[in-house]
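Me: I'd like to go through this structure with you, starting with the overall layout and then moving to the details. Could you take a look?

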Amino acid sequence: MTAVRLKSFDLEVTFMFIRLDETKDIAIKDVVAILNAESFNCAECNMEFLRHAVVNGDIKKLSNGETKSVIIANVNGKQVIYFSPISTITLYKRAYMIDEMNIL
């Protein structure tokens, strides 16, 4: 998890990021869903969703290893699907930790 604070014109904005693998961070506000890869692959409607994403080039595999989670995000107005080697539980904990920080 990473936080970036920008201060300009007496306005402070905080951008919170969640780390999807060793090199990729994504703004938490852009995350639409974090899904378990095994469960995601079982539903036919998800397969149709993936076929559409492949045609549009909207899929990013973040590791050559096992995919444990599927993250659907809206990045710059475009829907992107990330395949991450990090489990959904770990990603959830990271996002929950961000939420707890915002409460303080």
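Me: What pattern does the protein follow, read along the sequence?
Reply: Read along the sequence, this predicted model follows the pattern β-β-β-β-α-α-β-β-β-α, with three helices and seven strands.

Me: How much of it counts as buried?
Reply: Of the 104 residues of the protein, 30% count as buried. The accessible surface comes to about 7,000 Å², and 55% of that surface belongs to carbon and sulfur atoms.

Me: And what share of the contacts is between residues 24 or more positions apart?
Reply: If you take the contacts with a separation of 6 or more, residues 24 or more positions apart account for 41% of them.

Me: OK, on to the inside. Which residues make up the largest nonpolar core?
Reply: The largest nonpolar core has twelve residues, among them Ile 18, Leu 20, Ile 26, Val 31, Leu 62 and Ile 71; Val 80, Tyr 82, Leu 91 and Ala 95 also belong to this core. Strand S6 (69-75), strand S7 and helix H3 (88-103) each supply at least two residues of the core.

Me: Now Ser 84, where does that lie?
Reply: Ser 84 lies in strand S7, and with a relative accessible area of 0% Ser 84 is buried.

Me: What does its side chain reach?
Reply: The side chain of Ser 84 reaches the backbone oxygen of Leu 20, at 2.4 Å. Not counting residues up to four places away in sequence, Ser 84 touches Leu 20 itself, and also a set of residues including Leu 62, Glu 66, Thr 67, Lys 68, Ser 69 and Leu 91.

Me: Changing topic, how many salt bridges does the structure hold?
Reply: The structure holds four salt bridges. As background, side chains of opposite charge can pair when their charged atoms come close.

Me: Which residue does Arg 19 pair with?
Reply: Arg 19 forms a salt bridge with Asp 25, and the closest N and O atoms are 2.8 Å apart. Arg 19 is partly exposed, with a relative accessible area of 32%, and Asp 25 also counts as partly exposed, at 26%.

Me: And for the pair of Asp 30 and Lys 29, is each one buried or exposed?
Reply: Asp 30 is buried, with a relative accessible area of 15%, whereas Lys 29 counts as exposed at 62%. Their side chains meet in a salt bridge at 3.0 Å, N to O.

Me: What about Asp 58, which residue does it form a salt bridge with?
Reply: Asp 58 forms a salt bridge with Lys 78, with 3.2 Å between the closest N and O atoms. Asp 58 lies in the loop between helix H2 (44-56) and strand S5 (59-61), and Lys 78 lies in strand S7 (residues 78-84), so the pair ties together parts that are 20 residues apart in sequence.

Me: Are those two residues buried or partly exposed?
Reply: Asp 58 counts as buried, at 9% relative accessibility, while Lys 78 is partly exposed, with a relative accessible area of 42%.

Methods. Residues numbered from 1 in each chain as written. Predicted model: local features only at pLDDT ≥ 70, side-chain atom pairs only at ≥ 80, totals over all residues. Heavy atoms only, no water. Buried < 20%, exposed > 50% of the residue type's maximum accessible area, 1.4 Å probe, protein only. Helix = DSSP H or I, 4+ residues; strand = E, 2+ residues; numbered from the N terminus. Core = buried A, V, L, I, M, F, W, Y, C linked by side-chain atoms within 4.5 Å. Contact = heavy atoms within 4.5 Å. Areas by Shrake-Rupley, 256 points an atom, 1.4 Å probe, with all protein chains shown as cover. Polar contact = N/O pair within 3.5 Å; in protein donor to acceptor, adjacent residues only side chain to side chain.
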